[in-house]
Amino acid sequence: MPERYIGLISGTSMDAVDAALVESDADGLRCLGAIAHPFPDSLRQDLRRLASPDWRGDLDEYGRLDALTGDLFAQAALSLLAQTQVPAATITAIGSHGQTVRHRPDARPSFSLQIGSPARIARITGLTVVADFRNADMAAGGQGAPLVPAFHQAMLRHPEENRVILNLGGIANITSLPASIQSPAQGFDTGPANTLMDHWVRHHRHEQHDEDGRWAMAGQVVEALLTRWMADPYLGLPPPKSTGTEYFSPAWLQAHLAACSGVSAVDVQRTLLEFTAGSVVRAIETHAPGTDRVIVCGGGVHNGALLARLQTLLTGCIVEPSSRHGLDPDWVEAMAFAWLARERMQGRTGNLPAVTGASRAVILGGIHAP
């Protein structure tokens, strides 16, 4: 019999909770429907303050936001069920990634915090919830990220093609899927994708994102600034590695801009786009040479200027959206956490140690009964 799962995730933009309903059977996994459930402005602003590295709030504020975010995620799941007209009783479980507010893989001890109370999601929806996916991997010595490469491998590996799956979220990450099954998948965060571009366009144009990269392409690359960014130590670290908006933050951007005064806002945006493209290309050329095809997902797939730069720089390989392979690029991560919930409920491991650096494969996530 087929099983149905819901995957919930919110990225660094905090513009919406992505919710995907998937059905799994012997023939594979299908997406039955998906929605982007918007954040209230006040909650988004509070969460952005909480996620800032210089947040100095108290535990009462953290607890309040954890509860409110859990309520929002629950409403996203209920809205998805209402839209698809799928009875809640047919859902095996919800996989909720939550909203990351801290990711410290290099701390001692390492930790990762995702906000959005799974107990409240379970109570409101009446469904079993699997959550807290990252910390089991970290307890086994891993980075706790990226976790989606296991889903990429299950859905997109091809025996005759060396593929890279590129997720352009707030942070860019790649999954290298060699054609040979003897070669393990690799995956890691390459650096920023949308997070700094979105921050800059919000600050200067009061828009949530740079539509199709049009504003960026009205500017010029500032080579001195690009050289500084491409020399960032993170880019030179060997995998396994992961990063987040705690590192590639507005403060990081301002510190670099202070050393290159007089740069126009539009030229900064253009250079940020080039930095995203350049850091992704360096990662692929260094760690996945011989790639035949780059399959792109995440919000950045809608930035035509960014995809055009990637195709220009990645000579000899095809760059295309995941939609050409049956996966809507907007919902791949939400589908991945539905899939990870399935793996947890069936008692299977969900991490790839070659990707995260964990000492072994482990079962991910805790189960919260309604």
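**Close-ups of a predicted model**

A search through the whole structure turns up 0 disulfides. Keep in mind that this is a predicted model.

**View 1. Cys-31 and the cysteine sulfur closest to it, in Cys-297.** A disulfide is a covalent bond between the sulfur atoms of two cysteines. Here the sulfur of Cys-31 sits 13 Å from the one in Cys-297, so the two are too far apart for a bond; a disulfide would need the sulfur atoms within 2.5 Å. Cys-31 is partly exposed, at 36% relative accessibility. Cys-260, by contrast, is buried, and its relative accessible area is 13%.

**View 2. Tyr-234 and Tyr-247, a tilted ring pair.** To describe two aromatic rings, you give the distance of their centres and the angle of their planes. The structure has 10 aromatic pairs. In this one, the ring centres of Tyr-234 and Tyr-247 are 6.4 Å apart and the planes meet at 45°, so the pair counts as tilted. Tyr-234 belongs to helix H9 (residues 233-236), while Tyr-247 is in the loop between H9 and helix H10 (250-258), so the pair ties together parts 13 residues apart in sequence.

**View 3. Gly-191, a buried glycine in strand E9.** Strand E9 covers residues 186-192, and Gly-191 is part of it. With a relative accessibility of 0%, Gly-191 counts as buried. What does Gly-191 touch, leaving aside its neighbours within four places in sequence? Its contacts are Ile-171, Ala-172, Tyr-234 and Phe-248. As for Asn-303, it is 112 residues from Gly-191 in sequence and 17 Å away in space, going from C-alpha to C-alpha.

**View 4. Helix H6 packing against helix H10.** The axes of H6 (residues 195-205) and H10 are 10 Å apart, and the helices pack at an angle of about 75°. That makes H6 roughly perpendicular to H10. On the H6 side, the contact is made by Leu-196, His-199 and Trp-200. On the H10 side, look for Pro-250, Trp-252, Leu-253, Gln-254 and Leu-257.

Conventions:
Residues numbered from 1 in each chain as written. Predicted model: local features only at pLDDT ≥ 70, side-chain atom pairs only at ≥ 80, totals over all residues. Heavy atoms only, no water. Phe/Tyr/Trp six-rings, centres within 6.5 Å; stacked < 30°, edge-to-face > 60°. Helix = DSSP H or I, 4+ residues; strand = E, 2+ residues; numbered from the N terminus. Buried < 20%, exposed > 50% of the residue type's maximum accessible area, 1.4 Å probe, protein only. Axes fitted to C-alpha atoms, helices over the stretch in contact; angles between N-to-C directions. Parallel < 35°, antiparallel > 145°, perpendicular 65-115°, else oblique. Contact = heavy atoms within 4.5 Å.
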